[in-house]
Amino acid sequence: MSLPTIEELASQLEAVSGAQKVDPDHPLQHIADVDSLDLMEWLYGFQNEYPHIPADESLFADIDDTTTLRVVYDRIVALAPAQV
């Protein structure tokens, strides 16, 4: 199973949160309309869509002003099993 692109993840977070735009390089804590509940809802959807990737709430455990969707995406890529 393939990995989603970062653009797909941004679109999914936009859909969950209602944010007009999720820039992958903008700190998550500073995106209007995105809060911690939105991130957990997005994670739940991600886990259902990509059950082969062991992603959990630890993706956001150390979230701060420097944590972007791209940072989270890099963590997801590191968790994904190697493609054969």
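The structure holds 2 salt bridges. The model is predicted. Work through the exercises in order.

**Exercise 1. Which residue forms a salt bridge with D25, and which parts of the chain does the pair link?**

Step 1. Find the partner. R70 pairs with D25, and their closest N and O atoms are 2.5 Å apart.

Step 2. R70 sits in helix α3, while D25 sits in the loop between α1 and α2.

Step 3. Check accessibility. R70 has 35% relative accessibility, so R70 counts as partly exposed. D25 has 45%, so D25 is partly exposed as well.

**Exercise 2. Which residue forms a salt bridge with D62?**

Step 1. The partner is R75, with the closest N and O atoms 3.1 Å apart.

Step 2. R75 has a relative accessibility of 25%, so it counts as partly exposed. D62 is partly exposed too, at 46%.

**Exercise 3. Why does E14 have no salt bridge with K21?**

Step 1. Locate E14. It is found in helix α1, and it is buried.

Step 2. Look for a partner. The nearest side chain of opposite charge is K21, 4.7 Å away.

Step 3. List contacts. Leaving out residues up to four places away in sequence, E14 touches A19, Q20, K21 and V22.

**Exercise 4. Which residues touch the most other members of the largest nonpolar core?**

Step 1. The core has 23 residues. V22, L28, W42, F46, F60 and I76 touch the most other members.

Step 2. Name the helices. At least two residues of this core come from each of α1 (6-17), α2 (36-49) and α3 (69-79).

Step 3. Recall the general rule. In soluble globular proteins, nonpolar side chains tend to be buried together.

Step 4. Zoom in on V22. Beyond residues up to four places away in sequence, V22 touches A10, L13, E14, I31, V34 and L69.

**Exercise 5. Is A32 buried or exposed?**

Step 1. Exposed means over 50%. A32 has 58% relative accessibility, so A32 counts as exposed.

Step 2. Relate A32 to V22. The two are 10 residues apart in sequence, and their C-alpha atoms are 8.8 Å apart.

Notes
Residues are numbered from 1 along each chain as its sequence is written. This is a predicted model: local features need pLDDT of at least 70, side-chain atom pairs count only at pLDDT 80 or more; totals for chains, interfaces and linings use all residues. Side-chain values use heavy atoms; hydrogens and water are left out. A nonpolar core is a set of buried Ala, Val, Leu, Ile, Met, Phe, Trp, Tyr and Cys residues joined through side-chain atoms within 4.5 Å. Buried means under 20% relative accessible area, exposed over 50%, partly exposed in between (1.4 Å probe, protein chains only). Helices (H or I, at least four residues) and strands (E, at least two) are DSSP runs, numbered from the N terminus. Contact means heavy atoms within 4.5 Å. Lys and Arg count as positive and Asp and Glu as negative; His and the chain ends are not counted. A salt bridge is a side-chain nitrogen of Lys or Arg within 4 Å of a carboxyl oxygen of Asp or Glu.
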